[in-house]
Amino acid sequence: MYGQTPQRNFYIDENLGDSLKLKWEYSTSAGTAFTSVTAKDSVIFIGTLRGKVHAIDLITGKRRGEIDLKEPIYSSIQITRKEIIAALAHGKSSSTDIVWYDVIDGSIVREKKFCGSIENEILLYNDNLIFTCDDGALFKIDKYGTVIWKINTGTNVFSVLSCNGEQIIVGGIDGSLSSFDFVFGKLNWKINTGAAIYSGAIIENGFVYTNNHHGNVLKININDGSIIWKYNADSKLRALLSYDSENLYFGDLNGTIYSIDKLNGKIIWKISSGGIINNSILVFKNKLVVPLLNKLVLILDKNNGKVLQKIEFPGRVKLSPIYLNKQLIFGCDDDLIISYQVN
Amino acid sequence: MLRLNRQFLFLIVLFSFVIYSFVYSQFSYFGRNKVQYSDFNWHVIKTEHFDIYYYPEFTEIAEIGAKYAEEAYSEFQAKFNHFVAQRIPLIFYNTHLHFQQTNTVPGLLPEGVGGFFEFVKGRVVIPSDGSLSQFRHVIRHELVHVFMTNKIYRIQKDHRLNADALPPLWFVEGLAEFWSTDWDSQAEMVMRDAVINDYVVGLSNIDNIYGSFLMYKEGQKILDYVSEVFDEEKILQLIENFWKSNNFEDVWKITLGKNYEEFDIDWLYALKKEYYPYLTLKDPPSVKGTKITKQGFNFSPNYFEIGNEKWIYFLANRDGYSSIYRMICDTVRAEETAELVLRGEKTDELESFHLFRTNFKISKNGLIAFISKSGSTDVIHIYDIKKKEIIHTLRFDEIISISSPSWSADENLITFSSVDKKGYADIYIYNFTNQNLIRLTNDYYDDHQPVFTPNSKYLVFSSDRGTGDDPGIYNLFEISISNLEIRYITSTPYNSTNPIFASNGKGVIFSNEYDGVKNLWLVEAYESSDGYIYSNQMKRITKFTTSAFDANISDGNTILFGAFEKFSFQIYKFENYGKVVDSLNETIEFKFDQTKPIWMADKIPALGVKERFKYQREYNLDIAQSQIATNPVYGTSGGAILSLSDLLSDDQYHFLIYNNAQSSEDFLKSFNVAVSKFSLGQKTNYAYGIFHFSGRRYDIRDSDEYFFERSYGAYFALAYPLSFFRRIEAGISLSNSSKEVFGVLKNRKALLLTNYISYVFDNSLWASSGPVDGSRLLFLLAQTNDIKFSNVNYFSIMADYRYYYRLGLKSAIASRFQLFYNHGREARRYFMGGNWDLHGWPRWSIRGEKLWLTSFELRFPLIDVVSLKFPFMNINLYEFRGAIYTDFGSAWDTKYISTLGSVGFGFRINLFGALVLRYDIGKRIENNLKEFQEGLFYQFFFGWDF
């Protein structure tokens, strides 16, 4: 899933090697949203804004399958034991919001309509699917598509949901950050961060970290929503935060990349990249992998932000990279999924 | 047997259209000329995101512009959440006069165009006008277009939808204004007027004001409202949701939760709440002032007495041409006494009066100093009111555009503002006695509208050379002519412009934007031995809702001024202003802070420049169009046209290729190819090319009509513009022609050499369906010879004169006199018939080697607008026009046959500015004009009025 876990974690507990070599390229024939690929058993899945789901062989980069769902897919593809789940966005109206597809049988198992358009990351937690529609309705459904509960968040939601099995954290474009009970959907707390949240929140060790469109980064106590500290970045923030044991890492729409101390919100370092950071940074033990919209990926020294490598791509690098099988998988314009072998 | 070429007629038409579009007037029948007066020595600065094209004379301004562009890029990157992956070409010109010479767009650029972004090569083309703040605004405005267009293109492409779709114009332009500049006095003036006078339109009817300045400002105001009420991020969301529907109203509703009608309820109410309260504190100009002019657009009033008669001289556009007018200064008799003094836009000498950009002044003895474009630069004309003629014209080498001339008291000196080759807007004085030109300022601050103090030792002018707090804010300054010392007169964070001295010399009257729009204020002053002492406060004279500017004193206590009300610019007078000042008793103190330095403009730093070099032409594709056609008779055929040009479109290459073989054996010999080069980057435009055409033809101009012809050869043509209105064209072509005529055993070979020379004049003014004023003339001489076999040998004379006698604003009597004469062996035929020329007769049915035609047509407006409301959309069709006409003419080869005629009436409608549909009813006059046809003819077609 996006960010590996429902808490959204972009940390890889390994050192990233120095050598990156192009392994394969795959064309999806349509653009993607600011999401990431997901993978299972050496197959990578990605949904496009044209409405197709592509299954790509991780090793060879060849197509393993493709289904056409006809409506744009903004979220990463969720994967169960034998099904993939895609959430659909649409314009004025549509008959379907979520599709379950059996990859063994090669057929649509079920498709259901719940609400408006789904244009953000959905969550799969213990066979339950949690998602919001653009009108702010928050749903929890079971694996059969039955609604367990539905509540109204009171705001439009375009951000990434996160969950620790007890609480679901939702950021809205009215600047609100809310915690809902995972079992019953009851509102635990709600705070106002001061500006629209487009990125979402991550959960780690009893704390929630989020950012908003005024460039504020906040650390919040997950139990009561109290703000521990607030950091002001230089520009708007749209990408979900990444972290390791000590620091948070993120970039803004002016291209500045930051490392701040998780404990106290103080800046460790920041550098200017010249691009736009619209998706999450992948964090290794030693390095950061930063996707930029100015067609570059930067590999930075995590300790000081020094640029160790610059990889130029054919187009804007939109997907948050994933690391699998010693491969770094990126996605960029025009319609490309690209794998680099790491040595 | 019809030639297969008919299937490719569209390709040839398209090819011709492409050439026409690229060549506009120079190689077409009439038309005005885009004259390349200047030889631009183009250079390039490559910054991080831009390729900036400029010429070395104004390097400094170009480097400042580069900095503005990179700053805007950085800001818009975050605002749009988007990265423009391609480098953006920015083309800078140092003045609007140079900007009008650009070949990046094929047509003529009106004065109202302040810059543009074009889609063929993604170029942004911007003139500087001497004001850095305006330059910055235009750069930002156009870059908003670039980002928006690029982002929507990517969104559509990612969704695999139509990538050419764009939002409606009001949104596109409204966004460009909203994100490029602050809400300014001009915008406020227009919106206040629209709301108070109840002509503002909501979103549901915004098509009614399509393309107008009001639409631009309403678009900007709508987005301002959305930003305030819904949040500015909603604007970006509108763009990011663009893929969700082909109908922008749906996107609007999805994003904001309201359709247009629902939005209008709130927005229009909010406008009323905002602007209606102004009426409690202020008044429209017509309430407190007295309106003098009543029609057209009128500016720059100047009072002058001739004997006992009190006249107002002013600049205006009342009939489509900007001109100088005068009228009696009497509110009752004014309009009926209005008369033209000098007509602009019709002659080489008075090409344009820059209506919105400058004013003029009359000296005490009746000499009008005014500006016009004349050739490559602006000039100052001196018109003697008593002699009724221009007695002097001043043109200066280093100066390109000029504005705001003003006299000294003794008429020996004239001061004005000018933009020079460096792009600096500075103040000058010309001395008539010794003919010296003195430059008083020399920097990039925008100094303009200078006037002499009553003692002629100083100038008062408006300038943005303020302190660092308010870069781009204009205040009034005084400069000493003797020692060039400059000092502040006003110091407010609101623009102060258009200064004049009060008639008693004890104050300066000017416009200030203190209350959001221009109103008139007074700074008191008196002369001392050390110069003028100015009060440190300004006193209010007018308190209008919309505006007052261009002030001038008439007699003693009366001010003449221009104002905007009910969407028109008119002239008003305001009496006893001294008493009004006292009664209003409203003053604003100036806060002078001499400790702060004057602001400095930053140029692009050295590190920000990746490369600098002289421009080298690199070509890329502009148009590529192909067609394949198939039918059961002629089989399949195909062809294509391609056009390439360099970045500045000074050099263009056009390729046409198609094949019309009817069998495989014919394939190689049925290739039709034409390659042309057009060179437009210098004053003499020229074109040359080679061609090979082969195939069956049906040519009504040829006496044989149906034949197979193979011809190949080359041509050269040039067009030399004598002025904006006149040009000489010439050309030569050599083609080897081999013709087989069907039905008779005739094989004609010839090596044809054709020469021609022509003179073209065009100063016509167009209404919606065709010209209504001015005249057009084409006179051509040509000779065609078969220099090898002597099978062809004829000369040609073409004379075509059209004159339009104006009756009213949109009505005229149009006349046409044509004589086309070919004489000699295998002379080609001219043709007429149809509602483009001889109404009522079958289209192109009248043919002959000689042809004459005379037409008279009364053109008039019928219906201003027809609105069609469908459930799914509204359509407005504007300007149904009528015509009553009569035509006479004939065509013959060797013996004159008969004079034909027609009489009738017709209707015309211009569809969306692209096409005129015409429907005519009438009677033919037959048998040498002796009898009318029985019944009526009815003809429907398209095409502009002659």
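Start with A:Thr132, which sits opposite A:Leu138 in β12(A). Before going on, note that this is a predicted model, where local features need pLDDT of at least 70, side-chain atom pairs count only at pLDDT 80 or more, and totals for chains, interfaces and linings use all residues. Residues are numbered from 1 along each chain as its sequence is written, chains are lettered from A and ligands numbered from 1 in the order in which they are written, and side-chain values use heavy atoms, leaving out hydrogens and water.

Now select 128-132 and 137-141 of chain A: these are strands β11 and β12, paired antiparallel over 4 bridges. (Strands are DSSP runs of E, at least two residues, and helices are runs of H or I, at least four, numbered from the N terminus; two strands pair if DSSP finds at least two bridges between them.)

Widen the view to the open sheet of 4 strands, β10-β11-β12-β13 of chain A, with antiparallel pairing. At the edges, β10 (123-125) and β13 (147-152) each pair on one side only.

Next, pick A:Asp127, in the loop between β10 and β11. Its phi is positive, near 70 degrees, though the residue isn't glycine. Most residues other than glycine have a negative phi.

Hop to chain B for B:Asp198, in the loop between α6 (185-196) and α7 (213-229). Phi is near 60 degrees here, and B:Asp198 counts as exposed at 60% relative accessibility.

Last stop: the cis peptide bond joining A:Asp333 and A:Asp334, with omega about -15 degrees. A:Asp334 is in the loop between β31 (327-332) and β32 (336-342) of chain A.

Definitions and conventions:
Buried means under 20% relative accessible area, exposed over 50%, partly exposed in between (1.4 Å probe, protein chains only).
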